[in-house]
Amino acid sequence: MNHCVQGSEAQGTLSDRFLRIEAIKNIQPHSYKLNNVTKREAKTIFQNFELVEKSFKIDFFESSDTRKKPRIGKKILKNANNTILSVSFSGKSIGKLRSFFSYKRENIIYDTREIFKYSKYAYSSNYIITEARPDGSFHKEHSNIEAYHHFVNKIHIENESYYVRFTVKEERKSKGKLHSAHVSEISIINEKSRESSRSLLGNDQGGTAHPAYDKNLVEFLDSVN
């Protein structure tokens, strides 16, 4: 839990979180059709997307993952503040998107803005992963990033339903930029599967294989009984 919130304020934060989690679980997934979009087309689509305004009350969620070290940031002291972000879609983020949002496979890139627009605020985070990447490099602290905010929606594609967790980075010089989108099967999230060796949609997701479910989302949904 977030150790920055105490007493009645902590109870209020947990109560609000419980309601948000229930709202996320009760989202009815919309159906989307897959299309083929090239990298150049995907960048143009993103650059032409209009900003999406998101209004929410900050709830910093502290993960139990020991690999995650809190970053030095102003936002960590502003839990429960009302925040409004105008989120943009940078063409540079295309390369970070996986699964149905990857241009390397049939995708729903055309629908990214709509899916994000109707996503619900889940939580915020402000940490850096201390563990080395597979290539031996380490994550860097970015002084221009205030915090990361996570929004969740559900989609239905080809007879299967999925959670989508969007991550927005709040920068000092911008109102917010879409950073990434993590897709995981709803049925697996509901079962709280720990089969980390199973990969979602096979090995070819338009990038490196990922676990079958979003561990960060599972941990957040389980954070309030």
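Q: Which residues is Phe166 in contact with, leaving aside its neighbours within four places in sequence?
A: In this predicted model, Phe166 is in contact with Phe101, Thr112, Ile115, Phe116, Ser119, His149, His150, Phe151, Leu178, Ser180 and Ala181. Each of these counts as a contact because heavy atoms of the two residues lie within 4.5 Å.

Q: Why is Ile115 called buried?
A: Buried means under 20% relative accessible area. Ile115 has a value of 0%, and therefore it is buried.

Q: Where does Ile115 lie, and which residues does Ile115 touch beyond four places in sequence?
A: Ile115 lies in helix H3. Ile115 touches Tyr32, Phe101, Ile108, Asn153, Ile155 and Phe166. Of these, Tyr32 is 83 residues apart from Ile115 along the chain, and the C-alpha atoms of the two are separated by 9.7 Å.

Q: How do you know that the buried residues of H2 line one face of the helix?
A: The buried residues of H2 are Ala42, Ile45 and Phe46. Seen down the axis of H2, they fall within an arc of 95 degrees, so they line one face. In general, an α-helix has 3.6 residues a turn, so residues three or four places apart point the same way.

Q: What covers the buried residues of H2, and which residues are exposed on the other side?
A: The cover includes H3 and S9. On the other side of H2, Arg40, Gln47 and Asn48 are exposed; this term applies because exposed means over 50% relative accessible area.

Q: How many helices and strands are in the protein, and what share of its residues counts as buried?
A: There are five helices and nine strands. Of the 225 residues, 47% count as buried.

Q: What share of contacts between residues at least 6 apart in sequence joins residues at least 24 apart?
A: The share is 73%.

Note on methods: Residues are numbered from 1 along each chain as its sequence is written. This is a predicted model: local features need pLDDT of at least 70, side-chain atom pairs count only at pLDDT 80 or more; totals for chains, interfaces and linings use all residues. Side-chain values use heavy atoms; hydrogens and water are left out. Buried means under 20% relative accessible area, exposed over 50%, partly exposed in between (1.4 Å probe, protein chains only). Helices (H or I, at least four residues) and strands (E, at least two) are DSSP runs, numbered from the N terminus. The arc is that of the directions from the helix axis to the C-beta atoms.
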